[in-house]
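These notes are meant for someone opening this structure for the first time. They go through it point by point and can be read beside the display.

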Amino acid sequence: MKKWVFVVAGVLLVAVVLIDVFIPSTLTVSRVELLKCRAVAAWPFLSEGSRWEGWWPDSATRKDFHIQRLSYHVVHIGIRDPRGELSSQLRLLPVGIQDSTLLQWETQLHCGWSPLDRIRQYRRAAGLKNVMDRVLAKAGSFLSKKENLYGVGIKIEMLPDTLLIATRMEKNGLPTTEDIYAQIAKLSRYVSAMHSKATNHPMVNIAPEEGHPGRYKLLAAVPVDTRLENKGDLFFMRLIPWRYLACEVKGGPGTVDMAFRSMDKFIRDYQLTVMAIPFQMLVTDRRAEPDSTRWVTRIYYPIF
């Protein structure tokens with residue numbers, strides 16, 4: 001009988017030693033995910049609890065996490081569960097040339113000295129690891145898409161059309177659709193008269209005139225297949241054969257304005273340099289389609 005007592009005692013002693021060796025008094029759970037965006041772009045979606053719903057994988061676990069406080073590129077997140085609340089840190093770490101960001105989420109569990117407590121905390125840590133992996137995977141997928149961060153799908157591309165015939169006008173108040181297409185029609189007549197061809201949709205830039213509140217300048221242009229001579233208020237211009245930040249949107253002037261603001265934010269976030277004025281390419285003929293919700297517009301920024 002005594003022999004079995006010693007055997008059981010020995011097994012328990014070995015188990016306690018193994019638990020002490022393999023389950024330390026403090027467990028650290030640290031998970032990472034690579035984001036294909038800059039930290040400054042991801043930060044608002046992580047630091048504002050109201051935006052978590054857009055990328056959190058499920059509402060069942062969302063209620064167990066809340067923002068405690070913020071510090072530089074760190075969101076301090078409280079984690080609630082039946083064993084109490086834990087503090088954790090979600091860090092944004094720029095990597096490479098800072099076009100990517102490492103998202104690191106870390107927390108610590110204090111296990112104490114009791115073997116049973118250590119086993120319970122170990123199982124708790126394993127459960128947290130699984131939840132954190134799911135959350136980070138969803139955050140990584142969401143935050144790596146520019147359309148989620150900026151509201152439009154932004155690309156960098158080359159513009160094939162560099163030869164333009166253009167004209168300018170100024171007026172009090174925003175140029176109307178009629179104003180825009182009157183200028184485009186004038187350009188198109190000249191292109192036809194010169195036996196040239198338009199190679200793409202017409203382009204426009206509308207900007208306020210400095211020092212004259214309420215007055216605007218309209219630049220309208222048509223891409224052409226050959227160099228044309230200047231005539232009257234029509235003039236030839238050549239676009240810079242360089243990289244362009246581009247997006248395509250569907251909707252009226254409000255949608256286009258929103259896209260310009262989004263692209264301006266992208267330019268600030270990625271510290272790009274704008275080499276010349278941006279412009280709109282009018283894919284949809286506004287005269288033929290009265291429903292502005294169907295208007296398709298491409299926006300281009302020449303960047304360095």
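This is a predicted model: local features need pLDDT of at least 70, side-chain atom pairs count only at pLDDT 80 or more; totals for chains, interfaces and linings use all residues.

1. Ile240, Trp242, Met275 and Phe304 make a nonpolar surface patch of about 380 Å².

2. Where does Trp242 lie? This residue of the patch is in the loop between S10 and S11. Its relative accessible area is 36%. Trp242 therefore counts as partly exposed, since that class lies between the limits of 20% for buried and 50% for exposed.

3. The strands on either side of that loop belong to an open sheet of eight strands. The order is S6-S11-S13-S12-S8-S9-S7-S10, with antiparallel pairing. Strand S6 (155-158) and strand S10 (234-238) stand at the edges. Each of these two has a single partner strand, so one side of each is left without a neighbour in the sheet. On average, neighbouring strands of this sheet are turned by 35° against each other, direction ignored.

4. Seven bridges join strand S11 (residues 243-250) to strand S13 (residues 296-302), in the antiparallel sense. Tyr244 has Pro302 in S13 as its bridge partner. Helix H7 (residues 253-269) packs on the sheet and touches S11, S12 and S13. The direction of H7 makes about 145° with that of S11.

5. Two residues of H6 can be set side by side. Leaving aside neighbours within four places in sequence, Gln183 is in contact with Thr167, Met169, Leu218 and Ala220. Ala193 is also placed in helix H6, but this residue is exposed, at a relative accessible area of 53%. From C-alpha to C-alpha, Ala193 and Arg261 are 38 Å apart in space, while in sequence they are 68 residues apart.

6. There is also an open sheet of five strands, in the order S1-S5-S4-S3-S2 and with antiparallel pairing. Its edge strands are strand S1 (26-35) and strand S2 (65-71), each of which pairs on one side only. Neighbouring strands in this sheet are turned by 25° against each other on average, direction ignored.

7. For Val29, the bridge partner in S5 is Thr107.

8. Helix H2 (residues 39-47) lies across S1, S2, strand S3 (74-81), strand S4 (84-95) and S5. The helix runs at about 160° to S4. How many of the nine residues of H2 are buried? Eight are, so H2 is largely enclosed by the rest of the structure. The buried residues are Ala39, Ala41, Ala42, Trp43, Pro44, Phe45, Leu46 and Ser47.

Note on methods. Residues are numbered from 1 along each chain as its sequence is written. Side-chain values use heavy atoms; hydrogens and water are left out. Two strands pair if DSSP finds at least two bridges between them. Helices (H or I, at least four residues) and strands (E, at least two) are DSSP runs, numbered from the N terminus. Axes are lines fitted to C-alpha atoms, for helices over the stretch in contact, and angles run from 0 to 180 degrees between N-to-C directions. Contact means heavy atoms within 4.5 Å. Patches are made of residues with over 30% relative accessible area and no salt bridge: like charges are joined within 9 Å, nonpolar side chains (Val, Leu, Ile, Met, Phe, Trp, Tyr) within 5 Å. Accessible areas come from the Shrake-Rupley method with a 1.4 Å probe; for residues, only the protein chains shown count as cover. A salt bridge is a side-chain nitrogen of Lys or Arg within 4 Å of a carboxyl oxygen of Asp or Glu. Buried means under 20% relative accessible area, exposed over 50%, partly exposed in between (1.4 Å probe, protein chains only).
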